[in-house]
Amino acid sequence: MHAVRPYRRPMAGTQPDHAFAPYASTAKRAPTQPLVLLPHTLSEITGPVFGADILGPDDHDLTHQHAGAPIGERIIVSGRVIDENGRPVPSTLVEVWQANAAGRYRHQNDRHDAPLDPNFSGCGRVITDADGRYRFVTIRPGAYPWRNHHNAWRPAHIHFSLFGRAFATRLVTQMYFPGDPLLPLDPIFNSTAGETSRDRLVSAFDLDTTVPEHALGFRFDIVLRGRDATPLDP
Amino acid sequence: MNLHATAQQTVGPYFSIGLAPLYRADLAPAGVAGDRVTIAGRVLDGDGAPVTDALIELWQADADGHYAHPDDHRGPVADPRFTGFGRVATDADGRFAFTTIKPGAVPGPDGGMQAPHLAVSVFMRGLLKHLVTRIYFDGEPANAGDPILTLVPPERRDTLVARAIRPGELAWDVILQGDRETVFFDC
């Protein structure tokens with residue numbers, strides 16, 4: 001049988017722990033028993049594959065999904081998905097969701113007293129190209145309050161969900177914006193111990209992504225787990 | 001190269017906005033070969049309260065034990081309609097359910113075989129990174145020798161085994177904390 005080449009285990013400090021007291025919701029939801037180390041088998045090195053047939057024509061442009069244009073600052077969010085070995089991750093599904101410019105989600109449980117925008121749903125989907133690149137057009141989301149602690153506000157962010165090549169490479173994360181004064185106060189952003197890892201969640205303003213007379217561009221590169229190098233690997 | 005994977009962040013409470021387009025509660029379109037089963041259960045937090053905003057993703061082989069993925073080098077799955085992917089959210093009672101076909105045994109470490117199982121990812125507000133677990137099948141003789149189940153302390157193994165309720169119906173819960181806590185893996 002073909003030998004399974006496993007994916008790398010994360011280095012300490014590069015990922016959050018499950019239990020993190022400043023994020024109150026972890027208290028009753030984070031596991032309390034030790035995790036069992038799972039050697040990677042064929043079940044973990046394979047994973048779902050999606051083709052472009054699942055995408056709609058405007059899934060990449062969140063400003064173009066309704067009759068009118070949404071209120072807010074139009075932006076372009078673009079980047080590259082690579083693995084820990086620096087190789088592009090092509091043909092992988094990227095799903096995003098976000099609040100509107102007023103900081104309100106189109107969701108029944110969002111009770112924030114801010115207006116919904118009839119021209120904004122906040123859902124986007126793309127598949128990376130052969131170089132692992134992706135690109136969305138959207139509006140800059142607003143900050144919004146949450147009840148984690150007194151006067152708690154989430155910094156503006158866009159949720160990202162990626163599959164990568166395998167069950168083991170699944171990643172759900174959040175992209176933030178440079179210079180946001182709420183970042184140092186946010187328990188979710190600060191749940192990852194390593195400063196370098198935290199800072200990589202912050203997108204960069206990018207003049208090359210910016211389109212003249214149209215929209216500012218932000219670059220957000222994403223790294224998925226890579227396979228262990230082995231001496232037998234050609 | 002000194003690269004580390006991007007840090008995970010919680011899926012939050014509003015994931016359905018982005019993830020609902022791919023909700024799939026039936027993993028096996030009509031006509032896909034195999035024994036059809038429905039697996040249903042609840043997600044419960046450390047107080048035993050239902051988790052009404054959880055998302056469960058499933059990944060499994062077909063009835064022959066083949067994955068619909070190019071790294072399964074034994075060739076494509078027999079029926080191209082079978083993708084092996086499922087995604088369901090919990091409801092207002094913390095309940096979820098999905099229908100699929102029972103997978104076959106799949107290759108394991110050291111040339112052995114693994115008992116039929118589903119690979120499971122669990123996402124929710126309050127989880128800074130998703131949980132990984134597995135669903136095995138009640139009464140499956142291969143469970144006793146499964147190379148992954150045998151890594152689990154014996155008294156906790158039954159948290160990974162869906163209980164047969166009626167023919168074709170199984171029950172499996174996700175217990176996040178406590179004495180009956182589901183086994184979660186460091187994947």
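Select Arg9(A) and Asp186(B): in this predicted model they form a salt bridge, with the closest N and O atoms 3.6 Å apart. The rule finds eight salt bridges across the interface of chain A and chain B, along with 40 residue pairs in polar contact. On the chain A side, β9(A) gives the largest share of the residues touching chain B, namely five.

Now show the whole interface. Here 81 residues of chain A are in contact with 71 of chain B, and the two chains bury about 6700 Å² between them, 60% of it on carbon and sulfur atoms. Pick out Arg29(A), Val36(A) and Phe167(A), which lose the most area on chain A's side, together 13% of what that side buries.

Stay on Val36(A): it stands opposite Phe185(B) in β12(B). The strands here, β1(A) and β12(B), pair in the parallel sense over two bridges.

Next, select residues 117–124 of chain B, strand β7. Is it enclosed or open? Eight of its eight residues are buried, so β7(B) is largely enclosed by the rest of the structure. Look at one face for His117(B), Ala119(B), Ser121(B) and Phe123(B), then at the other for Leu118(B), Val120(B), Val122(B) and Met124(B).

β2(B) runs antiparallel to β7(B), joined by six bridges, with Ile56(B) opposite Val122(B). Val122(B) also stands opposite Leu131(B) in β8(B). β7(B) and β8(B) form a hairpin with six residues between them, and Gly126(B) in the turn has a positive phi of about 90 degrees.

Notes: Residues numbered from 1 in each chain as written. Chains lettered and ligands numbered in written order. Predicted model: local features only at pLDDT ≥ 70, side-chain atom pairs only at ≥ 80, totals over all residues. Heavy atoms only, no water. Buried < 20%, exposed > 50% of the residue type's maximum accessible area, 1.4 Å probe, protein only. Helix = DSSP H or I, 4+ residues; strand = E, 2+ residues; numbered from the N terminus. Pairing = 2+ DSSP bridges. Contact = heavy atoms within 4.5 Å. Buried area = accessible area lost by both parts, 1.4 Å probe. Salt bridge = Lys/Arg side-chain N within 4 Å of Asp/Glu carboxyl O. Polar contact = N/O pair within 3.5 Å; in protein donor to acceptor, adjacent residues only side chain to side chain.
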